[in-house]
Amino acid sequence: MPSWPLILKDDPSVLFTSAGMQPLVPYFLGKKQPPAKRIVAVQKVFRATDIDEVGRDGYHQTFFEMLGNFSIGDYGKKEAIDWGWELLTKVFGFDGSKLVATVHTSDDEAYEIWTKTLALLPPEKIFRLGDESNFWAPGATGLCGPDSEVFIDNGPQPDVAEHECNPGENCGRYLEIWNFVFQQYDRKADGTLVPLPKKNIDTGAGLERIAQVLQGVSGDTYRTDLFQPLVKRIESLSGNKKYGENTAIDFSIRIVAEHSRAAAFLIADGISPSNEFRGYVLRRLIRRAAMHGRRLGLKTGSLSQLGAEVVKTMQRHYHELTSARDRITQVILEEEEKFERTLAQGLTMINEAIARATAQGQRWIDADTAFRLSDTYGFPLEMTKEIAEGAGLSVDERGFRELLEGQRSRSRATAKFTQDAMRFGQFYTGLREAEKLRSEFTGYDELETDGTIVSLVVGGSRVDAAHEGTDVEIVLDRTPFYPEGGGQVGDRGTITTDEGRALVADTQTAAPGVIVMSAKVVDGVLRLRSGAHAAVDEEARRDTMRNHTATHLLHATLRNLFGEDVHQAGSLVHAPNLRFDFTFGRALTAEELRRVEDEVNRAILTNADVHARSMPLQEALASGAMALFGETYGDVVRVVEAGPSRELCGGTHCHCTGDIGLFLITKEESIGAGVRRIEAVTGLGALREVREIRDRVGRAAAALRVAPARLPDAVAQLQESRERLEKDLAAVQRSGVDSAASSLLAKAETLGAARIVAANVGEADIEQLRKLSDRVKEGIGTGVVILGGARDGKATLVVAVTKDLAGAVDASVVVKRVEGIIDGRGGGRPESASAGGKAPARLGEAVEAARSVVKERLNGGRG
């Protein structure tokens, strides 16, 4: 079979095809009839999670090709292992004596096939490992089974005991080259493994890994013939910078080559750069590549040329590249040009921030700078982090997220349309009165509705037609789209006519009875008075409904547990989670939060019907329905009853409380005097949260080599051990600093009444250098201390001056005079200053230059 696309129509739950077997899942599940029982494919795969890792080594990629052989109820383990071994040893020519295999601890059948039936490997070369290493399960339920993997054994590794190293551990000895997955079970919700009547086989490997080994460049995909045409082209475009020349050049060449290749394939499969979903991933790839291209000296348009190179080298096997050649080069070029316009300003700002942080001895870029770069200049946080890391700094990500959420909250509080809130309301109120503009909301009962377009507004003016690429406000006479209100966000989805289609990003009530959908025409044209089919994004709406009904249960539970003084003070209900603000004078304890969670989940498990009725306001209040402070209600209101809750609410809700699924609190915090906030997830969101927690616990337990149940005890022991070691280390460091200071003072140079200590101390970071300089300064009497050190490829120079010499020698001036020698920047105060740079090999030269500057100053400022 040819490769399936990177976007799977049969699985909209994933952004990209991220595994070679993913397109065949419908065949494995019996939902589709396979074209044959035996299938072979070279499947293109994309994994966005690896973007930040690309460049750091020679093997991480986002786009790669998976070699796969698949048996759908046909051949079994014996044939798969036999043929895989034949391919590896006889066709590819691997030395069988250097291969080992793993099997699952429970898979006696595979173990017998390896050691006895086929007798391919002796028992001592078969490792029996557990679920983490040798059990394939893409989800909590469904298809799963043990697997068996083949590794090259590179022999014992230095400083690693042989008994501590097996293929399941990252000890450097074993390199995986083949994998056999035996799909033989159907896992039920209770964890039971039910044997499949027809078992499946998924076996293969990554083409890039096989190419590395066969071409003798293990560990560096970029030296294989898969990447060499791109690497050579980049070298040429960069003015002959060579791959392998130095670490920084290699880092950038890898990123430009890999991201150019990946971007070409994404564009060929129909993706365009944007600020959301798949388009955001593509934009991030191109912009990251453009930034590193700039470091290599590539001009704008170079990435577009590399896109053409990808087509040239790979179109023989991927014909979609041929037909998309012009689009690939044009899309990449346009994105390069857009980014170039913002890059210069952004780089100036971040370089200033780096210099400021370095001068202040700060190890991070502040959140305000990172947010301004993102918000004003379109500089992605990931790019800011990467540049900062190159300078040895981190980014205040937590502060950045808080600023981003604050902006979103402010945005939700204002109009999301083309005019400001007041003009927006006045505009549509005028249309309502003059033209009897109305929208009938049908979304309580259906998610799809046929209606007529009764208004189109573009740029604040009414139009008769909206063409492809246009942002437009649409009013239908009938719509299932819920307009934002009562804390629930507006629906999104699609509006389709015979001539065009628009994606709805948000929905608002513009005037009483007038529902406006903010959309972009993505295909064709929308015309006034045309018939239209409106369809709400079902998955997002149902997730939102779960969270909304759960919010009502949470409100009722808080009042039941903590009294009638608890009142809602705000809420946000959307698909990812719910956020509920309430009046309360203190933080909830861990036990109280557990009680709240338990009570809400008990209400969910009763599976009570959720009823919604319209009635006069006074009748609703008399029935005990809760009205929210600050909300405005009409004469007739909608009362929603869900288990213990009865509230006035116009939002959309589940049919039964049981539809909510699991309710899980993720955060409780203060947002102001007397106001608390609870954030929670439900349904699939809660399931994802539980899995993430379980995975984190599992990884932590595995790292500490204990059972998950013993993790708290292990962490406590680790903390005690760390505190003890820190005390011991501090004592050793104090002793070491005193000894080093004494040694340096003994070699001090005397110049009149002053003494100069100048030395490159070797391996040391800025904190160690400062401690040492302070200690030397204490013992020097009158004088200047100049110390250099390097760590992790970064050079640091520290200058300290005693108070009585501050008028003669300014430490900040000294470092400014010599900072260029170590290819860095510095600053500080007259009595203490430092510089950091990228040239540790020139530290000795920098120390001597600083000594010369100090001598000049002490001799009367000559020079």
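This briefing walks through a few features of the structure above, from the whole chain down to single residues.

The model is predicted, so to speak, rather than experimental: local features need pLDDT of at least 70, side-chain atom pairs count only at pLDDT 80 or more, and totals for chains, interfaces and linings use all residues. Residues are numbered from 1 along each chain as its sequence is written, and side-chain values use heavy atoms, with hydrogens and water left out.

**The whole chain**

- The chain holds 23 helices and 33 strands; helices (H or I, at least four residues) and strands (E, at least two) are DSSP runs, numbered from the N terminus.
- Its C-alpha trace spans about 95 × 80 × 60 Å along the principal axes.
- Of the 863 residues in the chain, 47% are buried, where buried means under 20% relative accessible area, exposed means over 50%, and partly exposed is in between (1.4 Å probe, protein chains only).
- Looking at contacts (heavy atoms within 4.5 Å) between residues at least 6 apart in sequence, 65% join residues at least 24 apart.

**Two helices side by side**

- Helix 9 (residues 302-314) and helix 11 (residues 325-359) have axes that come within 8 Å and cross at roughly 160 degrees; axes are lines fitted to C-alpha atoms, for helices over the stretch in contact, and angles run from 0 to 180 degrees between N-to-C directions.
- That angle makes helix 9 roughly antiparallel to helix 11, a label for angles over 145 degrees, while those under 35 count as roughly parallel, 65 to 115 as roughly perpendicular and the rest as oblique.
- On the helix 9 side, the contact is made by Ser-302, Leu-303, Ser-304, Gly-307, Ala-308 and Val-311, and they meet Arg-325, Ile-328, Thr-329, Ile-332, Leu-333 and Glu-336 in helix 11.
- By type, the residues of this contact between helix 9 and helix 11 are six nonpolar, four polar and two charged; Ala, Val, Leu, Ile, Met, Phe, Trp, Tyr, Cys and Pro count as nonpolar, Asp, Glu, Lys and Arg as charged, and the others, Gly among them, as polar.

- Three strands, in the order 23-24-25, form an open sheet with antiparallel pairing; two strands pair if DSSP finds at least two bridges between them.
- Strand 23 (610-616) and strand 25 (645-648) are the edge strands, each pairing on one side only.
- From one strand to the next, the twist averages 20 degrees.
- Strand 23 and strand 24 (residues 636-642) run antiparallel and are joined by seven bridges, and Ala-612 stands opposite Val-640 in strand 24.
- Helix 16 (residues 538-562) lies across strand 23, strand 24 and strand 25, at about 110 degrees to strand 25.

**Residues worth a look**

- Met-1 sits in the segment before helix 1 (25-28) and is partly exposed, with a relative accessible area of 42%.
- Leaving aside residues up to four places away in sequence, Met-1 touches Pro-35, Ile-39, Val-40 and Ala-41.
- The C-alpha atoms of Met-1 and Val-42 are separated by 8.0 Å, with the two residues 41 apart along the chain.
- Most residues other than glycine have a negative phi.
- Asn-607, in the loop between helix 17 (590-605) and strand 23, has a positive phi near 55 degrees and is partly exposed at 40% relative accessible area.
- Asp-823, in the loop between helix 22 (811-818) and strand 32 (824-828), has a positive phi of about 55 degrees and is partly exposed at 46% relative accessibility.
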